[in-house]
Amino acid sequence: MPELVLRDVIKSYGEKPILDGLDLEVHDKEFVTLLGPSGCGKTTTLMAIAGFQHPDSGHISCGDEVFFDSATHQKVAAERRNLGIVFQSYAIWPHMTVVANVAFPLRLRKVRKAEATRRARDMLELVELGELGDRYPHQLSGGQQQRVALARALSFSPSVLLLDEPFSNLDAKLRERAREWVKNLQREIGITTLFVTHDQDEALSMSDRIMVMDQGRILQVGPPEEIYRRPASRFVADFVGRCNFLSGTVAGRTCTGQLLVTVEGVGHPFAVSSSQPTPTGSTVTLALRPESFRVARASGLPTSTVGTPAGATSTAAAPGPATCTAVITSESFLGDHYLYRMALGPNEILVQSDLRLTDPVAELAIETADIAVVE
């Protein structure tokens, strides 16, 4: 059974809807990320689960316990919800030692001081801060303060851990180490976790599932690779990583049911998978990641012709990689790869390559399995 459930949750400020009939489920021991731009409603969702804000209507439950239900007028106070929360600002008490901060939730729950201190020190050992228990927060680095906040959130064995952009105050290198460390800890403890972020790298590297959110609604739910490689909409494709969008015309279908799509500037049609009933002659948008292009000099590409002629019918065989020629307009060196802007017919595209290209014209091959049709 799901550990955390939201059904038809609505929250508005004035006439502006922040959550617009939101539905989500987080399963037991699962790490789920709410990913979306600022203002999409993800933090409001977290605050509604935590009980710091009440929705206008809907249902929120955790296991067998109902936190909020507008139909039965049920509202459980925040302090009675057994949830651990780590905020963006960490919110650790500056006048308390590290061990006192971690023990604080236990003392609120009437745990004896000696027992609370013992459990707090055990938790600090778990987050690799055992030797720093007697320090004060101002004597710690940002990464150490983050771990104190996490230890405090876990000290009383919560049912669910809520993380509200906890890495945003860390520098890039420390963020990378922190997300690896937190994910490993979550797996070790086996706690159900809902993580809020606008950072695509965090979501892709840490999550069992990602829920992409915009304007108070969840647009797509799936494992990281599915979200990245098979975006359900243009918004998802554009928000999760870099993406090229090409407008094309449906020329027919292959014998295996794939769409044949012709794109201006590309010599052969793309064969792309789509479950939509798209008629011949209609216009579709294709999404292609920069790394989907294989870049080579003229001598480096296969000499055999690939693809099928434009206008192929629904009985045509599926083409292989589509090839095309593009003109380089700019180059960026990004350490382990180059990022090129190229003109492909009337389109401008981004192409990622390990190669340094010296010629102004590049030949490209695109594996059709890497192409998605988006709305």
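A residue is called buried when its relative accessible area is under 20%, exposed when that area is over 50%, and partly exposed in between, using a 1.4 Å probe and protein chains only. By that rule Ser157, at 53% relative accessibility, counts as exposed, and 51% of the 375 residues of the protein chain count as buried. The structure is a predicted model, in which local features need pLDDT of at least 70 and side-chain atom pairs count only at pLDDT 80 or more, while totals for chains, interfaces and linings use all residues. Residues are numbered from 1 along each chain as its sequence is written, and side-chain values use heavy atoms, with hydrogens and water left out.

**Overall architecture**

- The protein chain has eight helices and 21 strands, where helices (H or I, at least four residues) and strands (E, at least two) are DSSP runs numbered from the N terminus.
- Taken along the principal axes, the C-alpha atoms of the chain fill a box of roughly 80 × 50 × 35 Å.

**Helix H3**

- Helix H3 covers residues 113-126, and its 14 residues should span 20 Å at 1.5 Å a residue, which agrees with end C-alpha atoms that are 20 Å apart; the expected span is 1.5 Å times one less than the number of residues.
- Ala116, Ala120, Met123 and Leu124 are buried in H3, and, seen down the axis of H3, its buried residues fall within an arc of 100 degrees, so they line one face of the helix; the arc is that of the directions from the helix axis to the C-beta atoms.
- The exposed residues Ala114 and Glu125 are carried on the face of H3 turned away from its buried side.

**Pocket and cavities**

- On a 1 Å grid over the protein atoms alone, a cavity is a set of points where a 1.4 Å probe fits but cannot get out, whereas a pocket is an open set with protein on both sides within 12 Å along at least five of seven lines, and lining residues have an atom within 4 Å of a point.
- Grid points are joined across faces, edges and corners, and a volume is the space filled by probe spheres set on the points.
- The largest pocket has a volume of about 500 Å³, and of the 18 residues that line it, Phe52, Leu83, Ile85, Leu108 and Phe156 are the closest to its centre.
- Strand S7 (83-86), helix H2 (98-108) and helix H4 (142-154) each supply at least two residues of the lining of the largest pocket.
- The lining of the largest pocket has 13 nonpolar, one polar and four charged residues, with Ala, Val, Leu, Ile, Met, Phe, Trp, Tyr, Cys and Pro counted as nonpolar, Asp, Glu, Lys and Arg as charged, and the others, Gly among them, as polar.
- Three cavities of 30 Å³ or more are found in the whole structure, and the largest cavity has a volume of about 40 Å³.
- Residues lining the largest cavity include Tyr228, Arg229, Cys243, Leu288 and Asp370, and helix H7 (224-229) and strand S15 (283-288) each supply at least two residues of that lining.

**Positive phi values**

- Asp8, in strand S1 (residues 2-13), has a phi near 50 degrees, a positive value in a residue other than glycine, and is partly exposed with a relative accessible area of 45%.
- Ser157, in the loop between H4 and strand S8 (160-164), has a positive phi of about 55 degrees although it is not a glycine.

**Cysteines**

- With a disulfide taken as a pair of cysteine sulfur atoms within 2.5 Å, the count comes to zero disulfides.
- Cys40 is in no disulfide, and the nearest cysteine sulfur, that of Cys243, is 19 Å away.
- Cys40 counts as buried at 1% relative accessibility, whereas Cys255 counts as exposed at 55%.
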